[in-house]
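Welcome, and please open the model in your viewer. We will go from stop to stop, and at each one you will hear what to select.

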Amino acid sequence: MANNQPRFESWGRYPTLQADLLPLHWTTDFPPKSLPPTAMLPVGAGRSYGDVCLLDRGTLLTTRGLDRLLHFDPETGVLRCEAGATLAEILEFAVPRGFFLTVTPGTKYVTVGGAIANDIHGKNHHIVGTFGSHLLRFELIRSDGSPLLCSPTENRDWYSATIGGMGLTGLITWAEICLRPIVSRKIQYQGIKFVGIDEFVALSQASTHVEYTVAWIDCVARGRNFARGIFMQGDHSDQPEPLNPSKAPRLTFPMDLPEFALNHFSVGIFNALYYNKQMGKRKTDLVDYEPFFYPLDSVLQWNRVYGKSGLLQFQCVIPWEHGTQSGIVRILEAVTASGLASFLAVMKVFGDKPSPGLLSFPKPGITLSLDFPIRQQVSFDLFDRLASIALEHSGRIYPAKDARMTAAQYQASYPEWRRFVEYVDPRFSSAFWQRVTKLA
Amino acid sequence: MGATSAIAIATSRLLAARKASFYLVARSGAKLEAVASDLRTRGATSVTLKLMDLDDTAQHPQMLESAAAALGEIDLALIAHGVLGDQEQAQADYSVTEAILRTNLLSPVSLCTWLGNYFEAQRRGVLAVISSVAGDRGRKSNYIYGTTKGALNIFLDGLRNRIDRHGVHVLTIRPGFVATPMTAHLRRNALFADPNTVARGIVKAIERRKDVVYLPAVWAPIMLIVRSIPRSIFKRLNM
């Protein structure tokens with residue numbers, strides 16, 4: 001292995017930055033007896049896409065060794081675990097006991113610490129809010145060694161700064177989260193075909209009582225098929241069934257595909273097949289939770305599909321009352337015009353439950369997420385254009401997916417960042433944070 | 001023993017899911033508490049903690065008697081403590097070598113002496129000991145560590161030969177590179193296994209009553225080749 005290979009990559013594999021690793025295996029390992037001379041950043045599974053989990057020439061505190069489940073109360077569903085435990089590990093424990101995550105993103109391979117630091121959201125955001133909304137307590141250790149117990153009633157300001165605080169406020173050692181009961185692994189699923197953003201919004205409004213809603217959208221289709229997609233909704237089945245643990249995925253994507261593999265053409269064919277796989281307007285089914293929540297987790301290292309140059313994801317939210325639909329349409333038009341194809345395009349209506357996090361990304365409106373292979377200039381130009389459109393509609397971009405936002409764009413769309421600064425640990429930083437606070 | 005080592009933790013978790021009772025021995029109270037909480041949460045029937053330095057062989061009989069008392073009887077003993085040691089320091093300074101020998105060899109031999117006799121009298125039991133592929137052949141990069149594991153292998157062979165006929169299963173576990181705190185300073189490569197993979201292999205080897213197990217299994221052919229290289233060639237290699 002070449003020595004210039006980075007020791008830690010984000011999921012998008014861009015940018016590639018050199019950093020030292022300081023693996024933490026015990027909550028008492030931090031702070032170490034002598035602090036490294038460089039800035040530090042705690043990182044989890046490296047499942048964020050851009051540079052929130054990177055630090056050029058810094059020291060990354062890797063936390064996957066902190067994976068212990070410390071306590072579980074089957075009466076209340078409250079689980080206390082160390083921050084490096086992944087949601088997959090929690091599900092493996094909880095599902096056979098009749099519990100499920102209250103909030104889960106589209107991959108189960110994120111850590112609890114990462115879920116807090118990015119205040120992640122899931123397909124049920126419109127009902128339950130973000131991960132932070134179900135976070136009862138956690139311990140934060142600052143680089144000077146001082147521990148802070150944080151909850152909605154203790155050290156409230158630190159609680160709020162750390163949720164969505166991108167790991168910058170200190171090291172989260174353990175957290176207490178609230179799980180929800182289930183009686184079956186199955187999801188009562190319904191897929192509804194739609195064409196156009198207005199129909200998507202109408203479907204979302206008609207489905208606010210359904211727990212999980214999300215839409216896949218074909219952003220290659222033009223003309224009368226523009227913004228066609230499948231609205232996917234589901235609830236946990238209430239028919240009791242055996243709660244067996246999931247099988248470990250057997251497939252690992254074996255190699256980096258060449259850059260030309262994903263192009264406008266191949267994605268267009270895939271999208272047409274995917275859209276037409278469902279024959280009728282509506283389709284109902286009883287499906288396992290794994291393919292419903294984590295369709296891509298069944299192939300480990302699927303990011304290799306994008307080749308060595310990596311991928312960039314673009315996720316924005318455009319709030320209501322700022323020409324939301326027209327903003328989304330403008331973004332999709334810009335994508336179509338660029339000739340770049342997004343393999344995965346996902347849209348969802350966020351609810352209005354406020355997150356406790358100071359810098360949390362979600363707000364009421366429509367969120368759109370797209371991902372693209374990185375092609376020098378072409379992709380970056382497109383990203384910059386998409387970001388400007390989102391900002392013009394009072395939208396903002398999700399730091400967990402970002403590697404391109406300018407400092408001006410960040411500071412305009414996250415005005416709370418100035419209040420956040422005083423909570424940043426003096427020894428902590430990240431490539432993202434250095435980038436978006438540069439002009440300050 | 002060595003209950004806070006990564007392989008011991010991963011193995012204990014699998015056993016906790018089967019509602020096992022544990023007697024955990026390690027040096028650090030804070031780490032032991034964290035491991036105990038984890039095992040209780042995952043289904044352990046009971047967890048008893050014992051803080052001690054396993055280098056102190058004089059304390060072994062007393063500790064093991066209290067383990068047998070706490071558990072009622074011992075079904076399975078897993079000996080998992082050990083240090084990698086610093087090869088360069090050890091070859092320059094015998095006192096460093098002696099400390100590695102004490103932790104990796106004398107201490108397990110002392111434990112196995114008591115446990116072997118206990119299991120022999122009980123007419124059943126599993127004595128699982130973590131050795132290493134490094135014990136298969138001395139190499140310049142880590143022959144002090146390798147010596148402790150190689151000697152341990154021979155000791156276990158002999159013990160097995162003595163007590164297997166009395167219903168006692170002696171299992172020699174020879175892992176290759178495992179991604180644990182002990183190897184955190186080494187650059188990871190494709191040969192590094194996850195402790196959970198090794199743990200599953202240990203549980204399977206216990207169930208199948210294996211004598212010696214290489215984990216992951218790919219190390220068995222690798223070590224066969226390493227052992228087969230003629231000494232006249234081997235001595236010139238950089239390994």
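## First stop: chain B

Select chain B: buried residues make up 40% of its 239 residues, where buried means that 20 or more other C-beta atoms lie within 10 Å of a residue's own, exposed means 12 or fewer, and partly exposed lies in between, with C-beta atoms placed from the backbone. What you see is a predicted model, in which local features need pLDDT of at least 70, side-chain atom pairs count only at pLDDT 80 or more, and totals for chains, interfaces and linings use all residues. Residues are numbered from 1 along each chain as its sequence is written, while chains are lettered from A and ligands numbered from 1 in the order in which they are written.

Switch to a cartoon view of chain B to find nine helices and six strands; these are DSSP runs (helices H or I, at least four residues; strands E, at least two), numbered from the N terminus. The radius of gyration of chain B is 18 Å, close to the 18 Å that the globule rule gives for 239 residues, so the chain is as compact as a globular protein of that length. That radius is taken over C-alpha atoms, and the rule is 2.2 Å times the number of residues to the power 0.38. Along the principal axes, the C-alpha atoms of chain B fill a box of roughly 55 × 40 × 35 Å.

Select B:Arg123, in the loop between helix H5 (94-122) and strand E4 (125-130). Its phi is near 70°, a positive value in a residue other than glycine. Is B:Arg123 buried or exposed? With 10 C-beta neighbours inside 10 Å, B:Arg123 counts as exposed.

Now move to B:Pro216, in the loop between strand E6 (212-215) and helix H8 (219-228). The peptide bond joining B:Leu215 and B:Pro216 is cis, with omega about -15°.

## Then: over to chain A

Select A:Tyr14 and A:Pro15, whose peptide bond is also cis, with omega near -10°. A:Pro15 sits in the segment before strand E1 (20-23) of chain A.

Go on to A:Asn155, in the loop between strand E8 (147-150) and helix H4 (156-162). A:Asn155 is not a glycine, yet has a positive phi of about 45°. With 16 C-beta neighbours inside 10 Å, A:Asn155 counts as partly exposed.
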